[in-house]
Each structure stands twice: as C-alpha cells, then as structure tokens.
Amino acid sequence: GVDPEKINYTSRDEIIQQELDQHVIDATLTSLTTRQRQVVQWILNQPSPVNINLVGEHFGISARGVRRLISDAITRIENGHRNVCQTVGTVS
C-alpha cells in the first residue's frame with residue numbers, strides 16, 4: 001500500500017551535487033571575516049529560515065548590525081579578497 005511517487009530517495013547524482021554545493025559554499029566562505037563566517041554558517045545550518053531579529057538575539061547584536069554584517073559579507077563574496085573602495089575625486 002505504498003505510493004511509489006511519494007517515496008523520497010536520494011539518487012547518486014543528488015548526493016554528488018550536494019557534495020559539490022558544500023564544496024562551493026566552503027570555498028566561498030573563505031573570503032569572509034571570522035565573525036561573518038560564524039554568522040553565515042549559523043544561518044545556513046538552521047532548519048528553517050531565520051529573520052534578522054533572531055540572528056541578532058543569537059549573536060547579541062542589533063538588527064541594524066546584522067543587516068550591515070550580511071551586506072558586508074555579500075560584498076566580500078562578490079569581490080573576493082579585494083578591498084572594496086570608492087574612488088573619491090579631487091577638486092582642483
């Protein structure tokens with residue numbers, strides 16, 4: 001009496017993809033600061049989505065601080081280890 005379409009299974013291809021995804025995640029996280037990595041890994045390890053307030057409560061930082069930390073982490077991921085600086089023009 002088991003419906004074969006409702007049986008969950010993981011194929012070999014899905015396992016390989018999960019391992020590749022974890023490898024990509026680990027490699028990406030190396031560009032983050034220790035604190036950013038700590039927060040991001042905690043968020044990724046939660047069984048369900050978390051909001052800014054919950055992250056802030058867990059790490060003892062304000063919601064604004066969490067937003068800033070995540071924003072800076074995204075910038076670092078997008079730009080690798082390069083420092084992101086804005087060029088300021090000079091007035092002659």
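Author: Let's start where two helices touch: Ile52, Asn53, Val55 and Gly56 in H3 meet Ala63, Val66, Arg67 and Ile70 in H4. Contact means heavy atoms within 4.5 Å. Helices (H or I, at least four residues) and strands (E, at least two) are DSSP runs, numbered from the N terminus. The model is a predicted one, where local features need pLDDT of at least 70, side-chain atom pairs count only at pLDDT 80 or more, and totals for chains, interfaces and linings use all residues. Residues are numbered from 1 along each chain as its sequence is written, and side-chain values use heavy atoms, with hydrogens and water left out.

Reader: At what angle do H3 and H4 pack?

Author: Two packed helices are described by the angle between their axes and the distance between the axes. Axes are lines fitted to C-alpha atoms, for helices over the stretch in contact, and angles run from 0 to 180 degrees between N-to-C directions. Here H3 and H4 pack at about 100°, with axes 8 Å apart. That makes H3 roughly perpendicular to H4 (under 35 degrees is roughly parallel, over 145 roughly antiparallel, 65 to 115 roughly perpendicular and the rest oblique).

Reader: And how do H2 and H4 pack?

Author: Their angle is about 100° and their axes are 10 Å apart, so H2 and H4 are roughly perpendicular to each other. H2 brings Arg35, Gln36, Val39, Val40 and Ile43, while H4 brings Leu69, Ile70, Asp72, Ala73 and Arg76. By class, the contact of H2 with H4 has six nonpolar, one polar and three charged residues.

Reader: Is Val40 buried or exposed?

Author: Val40 sits in helix H2 and counts as buried, at 15% relative accessibility. Buried means under 20% relative accessible area, exposed over 50%, partly exposed in between (1.4 Å probe, protein chains only). Beyond its neighbours within four places in sequence, Val40 touches Leu29, Leu32 and Ala73.

Reader: Which residues form the largest nonpolar core?

Author: In soluble globular proteins, nonpolar side chains tend to be buried together. A nonpolar core is a set of buried Ala, Val, Leu, Ile, Met, Phe, Trp, Tyr and Cys residues joined through side-chain atoms within 4.5 Å. In this model, the largest has six residues: Val39, Trp42, Val55, Phe59, Val66 and Leu69. Helices H2 (34-44), H3 (52-59) and H4 (63-79) each give two or more residues to this core.

Reader: How many aromatic pairs does a search of the whole structure find?

Author: One. Rings of Phe, Tyr and Trp (its six-membered ring) pair if their centres lie within 6.5 Å; planes under 30 degrees apart count as stacked, over 60 as edge-to-face and the rest as tilted. The ring centres of Trp42 and Phe59 are 5.6 Å apart and their planes are at 85°, so the pair is edge-to-face. Trp42 lies in helix H2 and Phe59 in helix H3, 17 residues apart, so the pair links distant parts of the chain. Trp42 is buried at 17% relative accessibility, and Phe59 is buried too, at 14%.

Methods: Ala, Val, Leu, Ile, Met, Phe, Trp, Tyr, Cys and Pro count as nonpolar, Asp, Glu, Lys and Arg as charged, and the others, Gly among them, as polar.
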